[in-house]
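Hello,

Here is the structure I promised to pass on. Please open it first, then read my notes below.

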Amino acid sequence: MKTDHQEGASSWIASPWVQLVFGVICMAMIANMQYGWTLFVNPINEKYQWGRAAIQVAFTIFVVTETWLVPVEGYLVDKYGPRPVVVGGGLLCGIAWVLNSMASSLPLLYIAAAIGGVGAGAVYGTCVGNALKWFPTRRGLAAGITAAGFGAGSAATVIPISNMIKSSGYEATFLSFGLGQGIIVVLLGLALLAPPASLLATAKSTIKRVVYNATPREVVSSPVFWVMYLMFVMMAAGGLMATAQLGPIAKDFGLHDSPVSLLGLTLPALTFALTIDRVLNGLTRPFFGWISDRIGRENTMFLAFAIEAVGILALSKYGQSPVAFVVLTGIVFFAWGEIYSLFPATCGDTYGPKFAATNAGLLYTAKGTAALLVPFTSVITAATGSWHAVFMLASGMAAASALLALLVLKPMRRAHAARHASPASENTYSGALISESARVSADGG
């Protein structure tokens with residue numbers, strides 16, 4: 001019986017770009033589980049009157065289970081290949097939305113969220129980790145394109161989902177989209193392969209430096225990892241707040257159904273914002289990933305995170321105008337989504353390709369930690385009577401992350417790269433690879 005690696009040597013689908021496309025489509029199919037959620041919050045509350053904060057606990061459960069189990073799923077990918085993990089994840093994603101369609105109590109809604117989170121995490125972690133392995137010399141671009149599938153994947157379905165909720169109810173929408181998306185993930189998951197060992201050998205002509213392949217235990221013992229983790233938590237918290245609460249924010253701003261005319265289209269403000277935001281949230285990932293391959297990871301982080309801080313401030317001040325709401329939420333999502341390409345690429349640069357899926361998964365758990373803060377945004381807003389305090393907190397965390405990228409992470413990674421590129425470490429960790437892009441990043445661009 002052939003393993004994924006053996007099949008990868010002979011199958012026509014064993015092309016880096018074919019595998020990348022399959023991964024992107026799988027990511028797009030699970031995107032609505034996070035980015036479409038905000039469309040369901042108000043309809044669920046209107047039917048059951050559970051309260052927004054209680055309903056948003058389901059979102060937190062989804063993100064926590066999506067992220068905190070990714071290291072385990074990454075270990076399974078590193079050991080058994082991507083196929084069984086993605087197929088299993090697709091099945092769980094479909095089951096979760098079917099359960100959402102019939103959830104008549106908060107416990108069942110929470111159970112569905114947990115199942116969906118495990119499934120989505122399996123798909124997400126596998127596809128990103130596999131992309132890092134198939135593109136050892138272009139990790140920023142590969143991780144960005146793959147993450148773009150998740151960021152922009154829901155853009156094409158925002159309007160259909162919104163319309164179906166209005167015409168058929170949110171229950172039928174959960175059921176139809178859940179089954180359709182789950183089936184597609186399962187079918188494409190069967191075509192995913194781990195890269196052959198010869199791929200890294202072929203890439204040797206572009207390799208400029210040797211570093212060690214850090215084991216997961218070594219990664220969590222590294223101070224560099226925890227600096228990245230802190231930055232990831234702070235950046236993810238603000239973006240997840242916007243992702244989960246955009247519907248309630250629009251409603252509280254009085255913009256839920258306000259018409260907006262831009263780019264030759266006229267749509268309700270929330271629908272327009274969700275559509276534009278998803279597109280920009282997808283485009284930013286390969287864009288900033290590509291930029292970071294050239295000017296360095298930390299320099300790119302500073303630029304993007306600073307834009308995020310200013311964008312959130314502007315949204316707080318001017319967001320009650322329908323047009324400004326659409327434009328500024330677009331800027332916020334554009335300056336936020338790149339964290340899902342920059343952090344995995346930086347992790348791959350720093351700790352090597354051998355355990356890329358597991359190590360990137362460890363860092364990705366920061367998103368789950370950040371999700372624990374999302375329900376508190378509803379509590380803060382209820383206590384203060386507006387979203388202003390939440391916006392200020394999110395902007396401050398983005399600004400702090402921008403400064404940490406240049407003043408802390410950059411010198412720490414430079415020292416880390418120098419330490420593990422020494423002749424002694426080359427002998428100890430022979431055969432481990434780092435790309436030219438990693439060298440540029442580690443040396444400060």
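How many aromatic pairs does the structure hold? This predicted model has 21 aromatic pairs. One of them joins F232 and Y340 edge-to-face, with 5.8 Å centre to centre and 65 degrees between the planes. This pair links distant parts of the chain: F232 sits in helix α14 and Y340 in helix α18, 108 residues apart. F232 is buried, at 1% relative accessibility. Y340 is buried too, with a relative accessible area of 1%.

Y340 also pairs edge-to-face with Y364, at 6.3 Å centre to centre and 70 degrees between the planes. Y364 lies in helix α19, so this pair ties α18 to α19 across 24 residues of sequence. Ring pairs build a cluster that includes Y124, F232, Y340 and Y364. The charged end of K367 sits over the ring of Y124, 5.7 Å from its centre.

Now the helices. α19 covers residues 356–371 and reaches 24 Å from its first C-alpha to its last. A kink of about 30 degrees is centred on L362. Of its 16 residues, 15 are buried, so α19 is largely enclosed by the rest of the structure. Helix α21 has 33 residues, and its end C-alpha atoms are 45 Å apart. Its kink is about 45 degrees, centred on L404.

One more residue to look at: R297, in helix α16. Is R297 buried or exposed? R297 is buried, with a relative accessible area of 0%. Its side chain makes a polar contact with the side chain of S292, at 2.7 Å. Another polar contact, also of 2.7 Å, joins the side chains of R297 and D349.

Best wishes

Notes:
Residues numbered from 1 in each chain as written. Predicted model: local features only at pLDDT ≥ 70, side-chain atom pairs only at ≥ 80, totals over all residues. Heavy atoms only, no water. Helix = DSSP H or I, 4+ residues; strand = E, 2+ residues; numbered from the N terminus. Expected span 1.5 Å × (residues − 1). Bend = angle between axes of the 7 residues up to and from the residue. Buried < 20%, exposed > 50% of the residue type's maximum accessible area, 1.4 Å probe, protein only. Polar contact = N/O pair within 3.5 Å; in protein donor to acceptor, adjacent residues only side chain to side chain. Phe/Tyr/Trp six-rings, centres within 6.5 Å; stacked < 30°, edge-to-face > 60°. Lys NZ or Arg CZ within 6 Å of the ring centre and 35° of its normal.
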